[in-house]
Amino acid sequence: MINSSNKYILLVMTAALLSACSVTKKYERPTTLKTDQLYRDQSSTDSTTIADMPWQSVFKDEKLNALIQKGLDQNLNLKNAIENIVQARASLRQSKLAYYPTLQLDASVTHNKQSQAGLNFPPGININTLTTTYKLGASTSWELDIWGKLSSSKRAALATYLATDAAKQAIQTQLIADIANNYFMLLAYDKSLKITQETLESRIKNVETIKALKEGAIVTGAAVVQSEANQHAAEVLIPDLKQSIRETENALNILLGQGPGTIDRGELGTQIIPENIAIGMPAQLLNNRPDVRQAEFNFRVAFESTNLAKTYFYPSLTLTASTGFSNLELKDFFTNSIFYSIIGGLTQPIFNQGLNKMRLTTAQSQQLQAYNSFQQTLLVAGQEVSNALYSYEMAVEKEDSRKKQIEALEKAVDFTQQLLEYSSATNYTDVLTSEQNLLSAQLSGINDNLQKLQAVVNLYRALGGGWK
């Protein structure tokens, strides 16, 4: 005859054998993901990428780097992302403890009063009994992970934790890009303001020159009015530029997690960008780009949820045990008052109103949605890399032509002004046109430079740089 201990051992061994028949699957990255041709017109096989460079090496401006570091220390969105990691880590720790049995301690004193009226006692006699029971016990319960239910829950919690960590990294890379882009935009506004103010000073002097030429009967009063209008055209640009500077400074301070104020900064012409703009291979986005990694971890959560839904179709085995002391007399509490019990329970779902089927169908559908989101995130990442790279290439392509355009217009302004002042070979309309074209070309040249700098920033972020 098998005693209770042997029964318990047999039950555990049976559970161990059943656990080898886990109905869950091991996660593997889907082979159907489209990673080829994510970069338009690019077919590089070189794995070198600027995403592997630390942001301190990408940006050479010490003042910009100081702002980025302050943003990483103080940005409120980034702080919230870190708290999300703390919460996910707590859930992960709890999922690991699910493998262990629960343990509860129970101590109680029970007073029980019972009337014995109506029993076979002589008339007029009513006897009440009062009993007191003292009890101290402990109980434990342990669910064996036969079909991989607890393992799937733990892996889902781990994937959730990793997804929150990747989300924090994505916020960090976007924060670095936002600070750099706003910083470069601020420098561009500074340069535009400086050129506009210099142009205004030149046009103020030009008005005086035109007035003198009118007195000499070289030009008419219309030229004087046109020169004054040309002066005011430069003046009205200055308030808009100052407003843009103020708003960009305020936006930067929000990113830095502080109130509005002046931003300490350098100059646009001193900015240096990496010489080698390497993008690597598209498949590297799976490991380098945080939001792509986050999307994959979310897919893994959905995958494990499907695993978990499958386990509900199979029986669960729970072992419970309790032991302790119970006695009517406190003085004899530890004498002949011990009790214990061991129970093994097997629960097999038979009919539960279609809950298990609904749970599995929902989990499978959510897994498909998570896969689609994963693929969509990867495609968007490839698009952003392609756009940023092409923007950089176009900015570089414009550099030489813009430089020659500005040089030609500077000569045109000088020539027309000299011709107007010393001969009648031209009129003031030619001077006015050349001056307006020069200012427009100079401001466009600043925007070209800004486009180049921001394209590098956006490419660095699109490739997944800034979090390593």
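A residue counts as buried under 20% relative accessible area, as exposed over 50%, and as partly exposed in between. Keep in mind that this is a predicted model.

Q: Is leucine 419 buried, partly exposed or exposed?
A: Leucine 419 sits in helix H10. Its relative accessibility comes to 37%. Values between 20% and 50% fall in the middle class, so leucine 419 is partly exposed.

Q: How far apart in space are the C-alpha atoms of leucine 419 and aspartate 430?
A: Along the sequence, leucine 419 and aspartate 430 are 11 residues apart. From C-alpha to C-alpha, the separation in space is 10.0 Å.

Q: Does alanine 295 count as buried or exposed?
A: Look for alanine 295 in helix H9, which covers residues 290-311. The cut-off for buried is under 20%. Alanine 295 has 8% relative accessibility, so it counts as buried.

Q: Which residue's backbone nitrogen does a side-chain oxygen of aspartate 61 reach at the start of H3?
A: The oxygen of aspartate 61 comes to within 2.8 Å of that nitrogen. The nitrogen belongs to lysine 63.

Q: What is the phi of glutamine 37?
A: Glutamine 37 lies in the loop between helix H1 and helix H2, and at 76% relative accessibility it counts as exposed. Most residues other than glycine have a negative phi. Glutamine 37 is not a glycine, yet its phi is positive, at about 60°.

Q: Which helix gives the largest share of the lining of the largest pocket?
A: The largest pocket holds about 430 Å³ of space, and 19 residues line it, with Lys191, Glu399, Gly445, Ile446 and Asn449 the closest to its centre. Helices H5, H10 and H11 each supply at least two residues of that lining. The largest share, 7 residues, comes from H11.

Terms used: Residues numbered from 1 in each chain as written. Predicted model: local features only at pLDDT ≥ 70, side-chain atom pairs only at ≥ 80, totals over all residues. Heavy atoms only, no water. 1 Å grid on protein atoms, 1.4 Å probe; cavity = no way out; pocket = protein on both sides within 12 Å on 5 of 7 lines; lining within 4 Å. Points joined across faces, edges and corners; volume = space filled by probe spheres on them. Helix = DSSP H or I, 4+ residues; strand = E, 2+ residues; numbered from the N terminus. Polar contact = N/O pair within 3.5 Å; in protein donor to acceptor, adjacent residues only side chain to side chain. Buried < 20%, exposed > 50% of the residue type's maximum accessible area, 1.4 Å probe, protein only.
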